[in-house]
Amino acid sequence: MTDQLRLMAVHAHPDDESSKGAATMAKYVAEGVDVLVVTCTGGERGSILNPKLQGDTYIEENIHEVRRKEMDEAREILGVKQEWLGFVDSGLPEGDPLPPLPEGCFALEDVDKAAGELVRKIRAFRPQVITTYDENGGYPHPDHIMTHQISMVAFEGAADTEKYPEPEFGPAYRPLKLYYNQGFNRPRTEALHEALLARGLESPYGDWLKRWSEFERAERTLTTHVPCADFFEIRDKALIAHATQIDPDGGWFRVPLDLQKAVWPTEEYELAKSHVDTSLPEDDLFAGVRRP
């Protein structure tokens with residue numbers, strides 16, 4: 001064990017790092033933790049979701065370059081390092097039946113081969129802790145599901161020199177803990193919804209909660225609540241940096257920060273794998289890893 005703590009956050013697209021666990025990362029950066037975001041795709045097929053930028057010819061024709069610049073800005077705001085895995089955005093298929101995924105996209109890559117690229121990053125950076133998505137991808141975007149799949153393979157594969165031999169993939173290394181991001185969880189959503197109504201404010205979560213009931217999805221186990229309310233402003237600034245994806249006047253920012261801090265001052269995770277002893281629930285992703 002080294003004294004330097006290192007956290008790797010594996011995400012599907014630029015902007016995911018700012019909407020999932022951003023305040024946690026900013027908190028750890030402030031504490032001196034070395035934090036690396038690995039972005040699997042360039043977000044090339046992402047729609048322009050900010051209505052103020054829709055119809056901009058330059059953005060439409062140069063979306064890959066624009067999203068890279070947005071990622072650069074968000075990285076600086078969060079204070080993290082960031083690297084690209086180099087795969088091509090799969091897009092979000094829509095329709096009934098769903099159309100086939102585009103040839104050469106991330107979601108159609110061989111899982112073990114794609115995981116090998118993540119193994120290289122893990123062995124080079126040597127994080128004790130990795131965060132990623134659960135088997136549902138957080139929501140069923142093919143790139144999010146693929147991110148989960150390669151993260152699970154790479155978490156174990158980083159120490160497996162038979163599957164990923166040295167020196168081709170770098171010196172073997174075993175990360176200690178793997179978490180799923182669970183920031184969009186039902187208890188948080190219900191708490192903020194009720195607090196908004198109690199203040200006489202309109203809640204953006206009514207439809208969310210209705211859909212939750214309709215989906216009948218099993219509730220996730222929230223093992224780890226990281227206190228990070230002091231970094232919610234940084235999180236929001238990083239999110240706004242992804243201007244093509246986020247409308248600063250949109251639903252992301254309808255809940256006053258003071259209410260968020262008072263009602264739900266944490267970000268949540270689900271401990272999926274651990275090679276160290278820890279006691280649940282946790283308030284630290286490095287529980288069991290830090291030196292006594």
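Contact here means heavy atoms within 4.5 Å. This is a predicted model: local features need pLDDT of at least 70, side-chain atom pairs count only at pLDDT 80 or more, and totals for chains, interfaces and linings use all residues. Residues are numbered from 1 along each chain as its sequence is written, and side-chain values use heavy atoms, with hydrogens and water left out.

Start with the sheet. Seven strands form an open sheet in the order β3-β2-β1-β4-β5-β7-β6, with mixed pairing. Strands (E, at least two residues) and helices (H or I, at least four) are DSSP runs, numbered from the N terminus. Two strands pair if DSSP finds at least two bridges between them. The edges belong to β3 (81–87) and β6 (224–227); each has a single partner strand, so one side of each is left without a neighbour in the sheet. From one strand to the next, the twist averages 30°.

Now look at one pair. β1 (residues 6–11) runs parallel to β2 (residues 34–41), over 6 bridges. Within it, Val10 stands opposite Val38 in β2. Helix α4 (residues 63–78) packs on the sheet and touches β2 and β3. The direction of α4 makes about 155° with that of β3. Axes are lines fitted to C-alpha atoms, for helices over the stretch in contact, and angles run from 0 to 180 degrees between N-to-C directions.

Next, the annotated site. An unreviewed UniProt entry places the feature "binding site" at His13, Asp16 and His144. They are spread over 132 residues of sequence, yet they cluster in space, with a largest C-alpha distance of 9.7 Å. UniProt positions follow the numbering used here, feature names are shortened, and annotations may be inferred rather than shown by experiment.

Asp16 is in helix α1 (residues 16–19). Asp16 counts as buried because its relative accessibility is 4%. Buried means under 20% relative accessible area, exposed over 50%, partly exposed in between (1.4 Å probe, protein chains only). A polar atom of the Asp16 side chain lies 2.9 Å from the backbone nitrogen of His13. His144 sits in helix α6 (residues 142–157). At 0% relative accessibility, His144 is buried too.

Finally, turn to His242, in the loop between α9 (232–241) and α10 (257–263). His242 is buried, at 0% relative accessibility. Residues it touches, beyond four places in sequence, include Pro14, Glu17, Glu70 and Met71.

Terms used
Polar contact = N/O pair within 3.5 Å; in protein donor to acceptor, adjacent residues only side chain to side chain.
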